Amino acid sequence: MDECRSLPPTAWESFSNWQQSIVAKSREADTVPPVDRAAAQQSLLAAASDSAGSLAARLRAALGVAPDLDLMVPDLNDCLTTEQLWNPQQSWERSLHNSLSAPTGAAAVTRNEASQVLFWFVCSTAWLESGGFDDPPAPSLTKRSLDAVLQADPAELDDQQRRLLDDASRQVLRRLGGIPHVRSGHNNHLLDCPTARAWWRVEIARQAADNSDDQLSLEDCYEAFLPRGCWRAWTTTAMTMAGRLSAG
């Protein structure tokens, strides 16, 4: 894992170990999460349901970084509202791309950084802390109803409740950045994480427009990704051929 902004070199190992304690790689091998895993999932989801600050603190601890460490993430021009995160519009995705590619007071994001799952978790952490998410952030990260399972004794949860915790935890981790030990394909964070998807869709659309000899507009190129399945098909093909879209 490449270095990511201001993080210590141990951050990826620390964070990866934490993710693996939350969700197992194989759902078949861990169909009904054991008690200790259910408790860890309750802790994550309770933080997301409590406040943006609580979830950010949980992520900082997972990264192994101090509460006062500057994560060096650009500020957002527009907030990550629940509505936009579930139903993104082109104007919002372009605003997010501009926030990262032409920031004020921070280094512009490179393709190499944007290709890393860890980078998007760092961004999520910083934006949780700065008020970029709706508060509490749980509705932006999962559509599962959690009220009945967060306060229960994990040892007393039935199989259905434990599966609910597992489903919700996976959804939260995917939307914050991705779960590489579960979904190991090069392109999965571009599909799972709405902020990563937004940045890359605009980035590739801009590149295509800039190289079209004025034959195509940014809007033309962006709209090519909107029909159902097109973004998945493009990212799968591009990542398979190139391994990583990280030039520059």
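From the N terminus on, the elements of the chain run α-α-α-α-α-α-α-α-α-α-α-α-α-α. The chain has 14 helices and zero strands, both taken as DSSP runs numbered from the N terminus (helices H or I, at least four residues; strands E, at least two). This is a predicted model, in which local features need pLDDT of at least 70 and side-chain atom pairs count only at pLDDT 80 or more, while totals for chains, interfaces and linings use all residues. Residues are numbered from 1 along each chain as its sequence is written, and side-chain values use heavy atoms, with hydrogens and water left out.

**Overall form**

- The radius of gyration of the chain is 18 Å, which agrees with the value near 18 Å for a compact globule of 248 residues; the radius is taken over C-alpha atoms, and the globule rule is 2.2 Å times the number of residues to the power 0.38.
- Along the principal axes, the C-alpha atoms fill a box of roughly 65 × 40 × 30 Å.
- Of the 248 residues, 49% are buried (under 20% relative accessible area; exposed is over 50%, partly exposed in between; 1.4 Å probe, protein chains only).
- Among contacts (heavy atoms within 4.5 Å) with a separation of 6 or more, 73% join residues 24 or more positions apart.

**Aromatic rings**

- The structure holds seven aromatic pairs, where rings of Phe, Tyr and Trp (its six-membered ring) have centres within 6.5 Å; planes under 30 degrees apart count as stacked, over 60 as edge-to-face and the rest as tilted.
- Phe225 and Trp231 form an edge-to-face pair, because their planes stand at 80°, with the ring centres 4.9 Å apart.
- Trp231 also pairs with Trp234, and this pair is stacked, with centres 5.7 Å apart and planes at 10°.
- Trp231 and Trp234 are three residues apart in helix H14 (residues 230-242), so about one helical turn separates them.
- Phe225 is buried at 9% relative accessibility, Trp231 is buried at 6%, and Trp234 is partly exposed at 29%.
- Elsewhere, ring pairs link Phe15, Trp18 and Phe121 into a cluster.

**Charges over Trp86**

- Lys143 lies over the face of Trp86, 4.5 Å from the ring centre.
- Arg175 lies over the face of Trp86 at 3.5 Å from the ring centre.
- The criterion is NZ of Lys or CZ of Arg within 6 Å of the ring centre and within 35 degrees of the ring normal.

**Cysteines**

- There are zero disulfides in the structure, a disulfide being a pair of cysteine sulfur atoms within 2.5 Å.
- For Cys193, the nearest cysteine sulfur is that of Cys123, 8.6 Å away.
- Cys123 is buried at 0% relative accessibility, and Cys193 is buried at 0%.
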